[in-house]
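The sequence and model are shown first, and the description follows.

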Amino acid sequence: MTRSPNKLIPADFATVPGLDALDAAHVHVGEAWDAQAIGIGVPVTGEVPAELGFDREALKNAGFEGAAGTTLVLPRADGPDLIAVGLGEASEVSVATLREAGAAVVRAAASRSRIALRVDAGVVNRVDAISALVEGALLARYRYVPLLSDPKHVPLEALTVDLGTETSDPADDDAAVRAALVTARAAVVARDLANTPPGHLTATDMGEIAMSLGRRFGFDVETHDRDALIAMGCGGLLGVNQGSAEEPRMIVLRYRPSDDPTGRLGLIGKGIMYDSGGISLKPSDPMHLLMKMDMGGAAAVLGAFTALRDAGATAEVLGWLMCTDNMPSGSAYKLGDVLTARGGTTIEVKNTDAEGRLAMSDAFALANEEDVDAIIDIATLTGAALISLGAKVAALLGNDERMIGLLKESSATTDEAIWQLPLERRYRTQLDSDIADISNLGGPYGGTITAALFLDHFTGGTPWAHLDIAGTMQTDSDDSWRTKGATGFGARLLLDVARRFTRP
Ligand code: BES
Ligand code: ZN
Ligand code: MN
């Protein structure tokens with residue numbers, strides 16, 4: 001098949017550099033033999049590692065005090081650069097500190113392909129420390145390069161981690177490295193997908209990519225096209241798709257553990273490949289080129305699936321990626337239209353830009369038909385989430401304390417920050433419609449809450465948690481292990497929840 005010059009992403013996602021770069025990075029634990037840069041952990045108080053060759057006074061004079069995530073590069077004529085990396089208070093070193101330290105060194109040594117880390121992990125256990133350092137380094141070196149003619153980006157060829165202590169079992173060290181490669185993979189897949197321009201990644205492409213990732217990483221994939229969606233009565237996704245020249249796809253993922261499943265978890269991702277707003281057209285604002293990332297929820301779910309097998313998840317996990325773009329045209333759905341979602345709920349469309357909740361509505365019915373024990377949905381759903389919590393914290397809502405608790409724990413483990421907002425049923429009347437069961441538009445305030453209340457209507461009371469990642473889907477600048485552009489937020493978080501999930 002000949003490929004358009006404006007469609008450079010191979011349909012086979014196995015060849016996209018994000019994954020290739022991970023495969024090419026040789027990571028191991030032990031002494032560095034030919035590193036070009038060596039990152040050395042330095043806490044704010046206590047002894048400065050002698051190998052740095054400078055005492056605390058000298059480092060201070062150069063402006064380095066050991067604050068977490070800070071670095072000081074010390075080039076040398078006759079050996080690798082030494083990079084002092086701050087660890088903060090030695091007694092407070094955590095997994096998050098180590099992840100940041102790994103990232104900071106890799107950023108400070110951006111032109112180096114062979115990097116070593118020598119860090120005293122303090123009270124953090126060896127396996128977690130190794131994983132965190134490696135994960136931070138891999139995620140920080142990520143960059144989206146497939147559309148650059150001459151990428152200046154230097155990929156990581158070798159990474160060595162040395163905690164300054166001996167392991168009792170080298171197999172544990174290897175497992176720690178592998179664990180980091182697997183979690184980094186989840187995030188990198190999500191980032192690549194969200195960074196890909198909308199013309200290069202249609203809903204159909206997303207389906208093909210999911211198929212290829214499923215074969216490679218051990219999960220089943222079924223894609224449903226427009227005709228199939230009509231047959232299934234998925235009027236929410238079909239309504240949003242109506243104005244588009246591209247077909248929609250509902251992509252259903254299924255991971256089965258090798259042993260008897262400990263539970264069945266459903267994950268639903270908003271997959272708006274590009275959100276123009278539809279007939280409620282968004283103004284031409286630079287912000288809106290970010291709407292290629294409106295499939296960030298679906299990307300996070302797909303990213304998490306690429307890691308379930310290798311992370312040894314024990315629950316069965318099902319995923320629904322609700323994919324289409326949201327376009328205005330002569331055939332587009334209109335304000336005042338009424339859609340009928342799977343399961344029969346009628347929805348009055350009061351704003352075609354509140355499309356994510358419509359596209360996802362069908363999936364809740366399908367998840368319940370599969371008898372899932374719980375549902376987590378993830379969506380770049382409301383600008384209000386960005387306004388209320390900013391770009392570093394995602395909104396969490398839900399109908400079930402246990403699910404909320406699970407997500408908060410995973411948030412702490414992965415350092416993907418979330419904050420709970422109330423599912424305030426006092427606002428539910430804002431979604432009332434005169435001519436349908438519910439409307440897709442709430443009032444002018446509390447938009448993140450009213451959007452969640454809309455989804456709540458479709459959960460059928462199944463334990464459910466909702467992540468609104470409109471704020472956290474991207475970062476304007478490099479920030480620790482988050483590289484400028486799509487963050488892949490949610491992929492590692494969902495993976496962590498999924499691997500710990502059990503039937504209530
Ligand atoms: N995809 C947007 C939300 C969004 C905004 C994501 C900014 C990332 C950054 C969503 O579909 C949308 O347009 N939401 C509307 C809802 C409104 C019409 C009720 C919004 O937030 O303005
Ligand atoms: Zn949207
Ligand atoms: Mn929208």
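## Terms and model

A residue is called buried when its relative accessible area is under 20%, exposed when over 50%, and partly exposed in between, with a 1.4 Å probe and protein chains only. Helices (H or I, at least four residues) and strands (E, at least two) are DSSP runs, numbered from the N terminus.

The model is predicted: local features need pLDDT of at least 70, side-chain atom pairs count only at pLDDT 80 or more, and totals for chains, interfaces and linings use all residues. Residues are numbered from 1 along each chain as its sequence is written, chains are lettered from A and ligands numbered from 1 in the order in which they are written, and side-chain values use heavy atoms, with hydrogens and water left out.

In strand E6 (residues 158–162), five of five residues are buried. Ala-158, Thr-160 and Asp-162 point one way, while Leu-159 and Val-161 point the other way.

Strands count as paired if DSSP finds at least two bridges between them. E6 runs parallel to strand E1 (residues 26–29), to which four bridges join it, and His-28 stands opposite Thr-160. E6 also pairs in the parallel sense with strand E5 (residues 114–118), over five bridges; here Ala-116 is opposite Thr-160.

## The metal site

The zinc ion (ligand 2) is coordinated at 2.0 to 2.4 Å by Lys-270 (NZ), Asp-275 (OD), Asp-294 (OD) and Glu-355 (OE). Donors are N, O and S atoms within 2.8 Å of the metal (3.2 Å for Na, K and Ca); water is not among the atoms, so sites may look incomplete. The arrangement is octahedral because the six donor atoms around the zinc ion subtend angles of 79 to 171°. Six donors count as octahedral if opposite donors are over 155 degrees apart and all others between 65 and 115.

The zinc ion lies 3.2 Å from the manganese ion (ligand 3), and Asp-275 coordinates both. Asp-275 in strand E9 (residues 264–275) and Asp-294 in the loop between E9 and helix H9 (296–308) are 19 residues apart, and the pair links distant parts of the chain. Asp-275 is buried, with a relative accessible area of 3%, and Asp-294 is buried at 2%.

## The nonpolar core

A nonpolar core is a set of buried Ala, Val, Leu, Ile, Met, Phe, Trp, Tyr and Cys residues joined through side-chain atoms within 4.5 Å. The largest one has 63 residues, and Met-206, Leu-253, Leu-302 and Leu-467 have the most contacts inside it. H9 supplies the largest share of this core, nine residues.

How values were computed:
Four donors count as tetrahedral if all angles lie between 85 and 135 degrees; four count as square planar and six as octahedral if opposite donors are over 155 degrees apart and all others between 65 and 115; anything else is irregular.
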